[in-house]
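Dear colleague,

Please find below the structure that I am handing over to you. I would be grateful if you could read the notes that follow it alongside the coordinates.

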Amino acid sequence: MVKISIITLIFILLFIPLSGAIEVTLKPDILKQGDVLVISITAPDGNLQSTFMDKRLHFFKTESGNYIALAGIDMKTTPGEYPLTLFYDNKKIFERYMKISQASFGIQRLTLPKDKVDLTPEILKRVSIEQTRLSALWPVINEKLWKGRFIMPVNSSITSAFGMKRIINKEERSPHSGIDIKADEGTPIAAPNNGRVALIDDQFFGGKTIVIDHGYGIYSIFNHLSKIAVSDGQLVKRGKIIGYTGSTGRATGPNLHWGVRLQRERINPVSLVNLEID
């Protein structure tokens, strides 16, 4: 006869509501700054809620019948352990402390014209206004528009990786919040997934800029464009040409800067592309 401890029995019962069992899968096994945590739940229909790092996560049902939620680990998250909790029909049924490790981002040294680095009060005011416009987007959680795999907006090599510490004209500046993709002037840029154009702007640092709201808190930011091929509020499908690469704003040459926010958190776009979700 198999002996089951009281603690084990309680744990099992917590995961077996009247209508069936619940299974929780977490990926990746090792989390670091800039990653995306995927929470996959196999469960009967019910009210699923989850919180991680003081944020409520948003679940959707996949074609295979699982429930999925994504959590972003910001590039500047302090390494340590953070609680992930899951509620089913308003009862807490799962809690685990997720360990987040320091990522090795590296260092990039750049030399730029003095007027692009040492900014006048007028330029500083302009930059502040532009950053405020961007920051106003991130808290807005709209309907989920993206579906399936994310793709690279330009099929080329990455010339500047996510999170790199930047030394510009021998002074430390903000770390790189996206990836720079190698591209000649005028290379078409594809929408990495379905979404809605949330902002079109011409910024001091980013130059001609497009922001796409993919829904559920995922935003793509594209900088340094030479030409924009969409309009504000337009719905776009994955693969749709949204613009063309260039060197507008503060850029050392033609390229595409692609950044991603997930519920405000700055994540590595490559982490998003590597997700396998139906």
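The notes below cover pockets, cavities and one aspartate.

This is a predicted model, in which local features need pLDDT of at least 70 and side-chain atom pairs count only at pLDDT 80 or more, while totals for chains, interfaces and linings use all residues. Residues are numbered from 1 along each chain as its sequence is written, and side-chain values use heavy atoms, with hydrogens and water left out.

Pockets and cavities were found on a 1 Å grid over the protein atoms alone: a cavity is a set of points where a 1.4 Å probe fits but cannot get out, a pocket is an open set with protein on both sides within 12 Å along at least five of seven lines, and lining residues have an atom within 4 Å of a point. Grid points are joined across faces, edges and corners, and a volume is the space filled by probe spheres set on the points.

The largest pocket has a volume of about 1,100 Å³. It is lined by 40 residues, of which Arg166, Ser177, Phe205, Arg250 and His257 are the closest to its centre. Elements that each supply at least two lining residues include helix H2 (121-135) and strand E18 (218-228); helices (H or I, at least four residues) and strands (E, at least two) are DSSP runs, numbered from the N terminus. By class, this lining has 15 nonpolar, 17 polar and 8 charged residues (Ala, Val, Leu, Ile, Met, Phe, Trp, Tyr, Cys and Pro count as nonpolar, Asp, Glu, Lys and Arg as charged, and the others, Gly among them, as polar).

The second largest pocket has a volume of about 550 Å³. Of its 27 lining residues, Pro28, Val36, Val38, Asn274 and Leu275 are the closest to the centre.

The structure also holds 2 cavities of 30 Å³ or more. About 70 Å³ lies in the largest cavity, whose lining has 6 nonpolar, 2 polar and no charged residues. The second largest cavity holds about 50 Å³. Leu262 and Gln263 are among the residues that line the largest cavity, and they are also among those that line the second largest cavity.

Finally, Asp201 lies in strand E16 (residues 195-203). Asp201 is buried, with a relative accessible area of 14% (buried means under 20%, with a 1.4 Å probe and protein chains only). A polar contact of 3.0 Å joins its side chain to that of Arg133 (a pair of N or O atoms within 3.5 Å, one able to donate a hydrogen and the other to accept it; residues adjacent in sequence count only if both atoms are side-chain atoms).

Yours sincerely

How values were computed: Buried < 20%, exposed > 50% of the residue type's maximum accessible area, 1.4 Å probe, protein only.
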